[in-house]
Amino acid sequence: MTMSAAWYLRRLSRMGPQEVGGRVGDAVRRRRWRAAPPAGPDATGARFTAVLPPEALAAVPQDAVKRLVAEADRLMSGHAEFFGVARDDLVDPDWWYDPKTGRRASDGYAFDVPYRDEDAVGDIKQIWEPSRHQYLTVLAAAYAVTGNERYAERVAEHLRSWWTANPPLRGVHWISGIELGIRLLSWVWIRRLLDGWPGARDLFEGNPVAREQIWHHQRWLAAFPSRGSSANNHVVAEAAGQLASTCAFGWFPTSARWRTDALRLLERHLRSNTFVSGLNRELATEYHGLVLELGLAAVAEADAAGVPVPATVRLVLLRMTDALAAVVDDRLRPPRQGDADDGHGLVVDGAGTDRWASLLATGGAVFGRLDWWPAVPAADARTPLLAALVKPYSPSAGRPKTRPDHFADAGTTILRGPGGIWCRCDGGPHGFLSIAAHAHADALSVEVRHDGVDVLADPGTYCYHGQPEWRQYFRSTLGHNTLQLDGGDQSVSGGPFLWTRHARTRVLVAQPGGDTARWCAEHDGYQGSVHRRRVELSRETAELTVVDEVRGERGPVRLAFHLGPAVTADLTGDRAVLTWTRDGEERSAELDLPGELTWRTYHGQSEPPLGWYSAGFGRKEPATTLIGTGFADDAEGFTTVLRFRD
């Protein structure tokens, strides 16, 4: 996907004068840096002291050790999967190769590489992901818990290979700050987890190539922070990686200044990226998880180095943790809202480890769990390792006494009912900052689960680059459980990661308690019209009612309900019988649809895309979508009733 001149003009229109000035400065600096990069300062005699306490590794649960070792052995055999693409070449990887398209990125000055052009470089996510080196943190963790040196030796081989293939400012891995930041964080943990290996010092602080790479990563991050309309999760990753590395690898004359700047940047952007309620302002749940992981990892490095951390940083992370505990369903699954690209801040666990349970376990160890928190199993490796470094922080006041159901600043309301009924109602803003890069056109959408099973599902994200028709579908209004008017989206897309007009939403009623939970909101995304939606959940009858109204100018409508992949639908007229299996038991529900509309099902249609579910980035599977078509002129409102059967 190559960005057009029109896209760049639209993108420029979303920037303020300060951001434009900063980007001009960045362009000048990139031009100056085209000359041969300078040699890093001499750091002979550098030492690594940010080691784990002796008891930390012993605290890793045995189940976590088994999963970790199994994953490490799979990696040792060369096998891994990135975004749905299986690889068997990780014994000796080609760091610039994309196995999805078969293309290989070209050499050259980093800022000349057309990384958005899949025809030129391949799928950039496929190339970047292994070079975050999070699979190497898994191998290093396997060494730490087993003492088996073959894991450490493989890590050393791959790091030396990567450093040789990717000298400073050459090639595709020196383009994006988030990649450099996460890679630095991985290197810190690799060095920590290999501390007992005799070759650890010669691999890192005793290795001039490693020191040169670390210094150039830090120099890059100090020079090119994400700014203005791009200051979302990317700038948090950059600041977290810079803070972690300048704490653990503070070997250079500039380390103290860069550390101070990184801590200031982290504090500022953790606050700006987070609502006071604790939810992430991008309203993209996976980025809530990414930012929380990055923040906890950065604080761990500061605490290990004895660097004072502002109380506001810990407070934001505490609020994020409590908010996550509040919004998950009975199976510890959070909302599937906004973009998601499977990004992690720190990976030291094997496959099968529940990301959200792990985050809540870490939050409980660091901040203390509250009485209303859901039960969380202690089954991951990351929690005891991170908690061993982070200073406990549990303020006596300010935390919610009961489980929050309504987050007014984020426009998120959770309705809960018997049998694990969980319903998220979306009345929040259209993403974060002027471009709302990771937002979807999903105003007033609902997401409904029963005992953790997606019944009315958010279809997910699937892709970012290279497949524009799929990118458009998964973030479109029709791709969500809401109403489309006149065939368009509620918000206007200006291209990838860019929205030029944002629907404005306001919540009119949010009463998640009582025998009948109620929610009502409206948005103005359709010019000259207002879409209003009311949702009621009867806890006595396990019945969910959704009423949609169009006020002002009216016209053709499409009302969509996307079912989860486990749910089948038998549609007759305006009634659908839904069935699925949970833990070997048959479950069912009836969906009475508005009779004013004509209903049909879609399942795995490609031209145009309709009837799909993406469980993770790069993966999609057919699922049933119910679409009702008609005219808003024909009715005062459209009423849908979902009844769960015993």
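Tyr613 has Glu621 in strand S25 as its bridge partner. Strand S24 (residues 612–616) and strand S25 (residues 619–622) run antiparallel and are joined by three bridges. Strands here are DSSP runs of E with at least two residues, helices are runs of H or I with at least four, and both are numbered from the N terminus. Two strands pair if DSSP finds at least two bridges between them. The hairpin of S24 and S25 has two residues between the strands, and Gly618 takes a positive phi near 80° there.

This is a predicted model, in which local features need pLDDT of at least 70, side-chain atom pairs count only at pLDDT 80 or more, and totals for chains, interfaces and linings use all residues. Residues are numbered from 1 along each chain as its sequence is written, and side-chain values use heavy atoms, with hydrogens and water left out.

Most residues other than glycine have a negative phi, and most peptide bonds are trans. The peptide bond from Glu607 to Pro608 is cis, with omega near -5°. Pro608 sits in the loop between strand S22 (605–606) and strand S23 (609–610). Phe83 is not a glycine, yet its phi is positive, about 55°. His133 also has a positive phi, near 60°. Phe83 lies in the loop between strand S1 (80–82) and strand S2 (85–87). His133 lies between helix H6 (124–128) and helix H7 (134–146), in the loop.

| Residue | Relative accessible area |
|---|---|
| Phe83 | 9% |
| His133 | 0% |
| Asp26 | 5% |

Asp26 belongs to helix H2 (residues 17–32). Leaving out residues up to four places away in sequence, Asp26 touches Ala223, Phe224 and Arg227. Contact means heavy atoms within 4.5 Å.

**Open sheet**

Five strands form an open sheet in the order S5-S6-S7-S8-S9, with antiparallel pairing. Strand S5 (406–407) and strand S9 (453–456) are at the edges with a single partner strand each, so one side of each has no neighbour in the sheet. Strand S8 (residues 446–450) pairs with S9 over three bridges. His450 stands opposite Val453 in S9.

**Nonpolar cores**

A nonpolar core is a set of buried Ala, Val, Leu, Ile, Met, Phe, Trp, Tyr and Cys residues joined through side-chain atoms within 4.5 Å. The largest has 146 residues, and Trp187 and Leu194 touch the most other members. H14 gives this core its largest share, 11 residues. Beyond neighbours within four places in sequence, Leu194 contacts Ala140, Tyr143, Ala152, Val155, Ala200 and Leu203. A second, separate core has 40 residues, including Val557 and Phe644.

**Cavities**

A cavity is a set of points, on a 1 Å grid over the protein atoms alone, where a 1.4 Å probe fits but cannot get out; lining residues have an atom within 4 Å of a point. The whole structure holds seven cavities of 30 Å³ or more.

Key: 1 Å grid on protein atoms, 1.4 Å probe; cavity = no way out; pocket = protein on both sides within 12 Å on 5 of 7 lines; lining within 4 Å. Points joined across faces, edges and corners; volume = space filled by probe spheres on them. Buried < 20%, exposed > 50% of the residue type's maximum accessible area, 1.4 Å probe, protein only.
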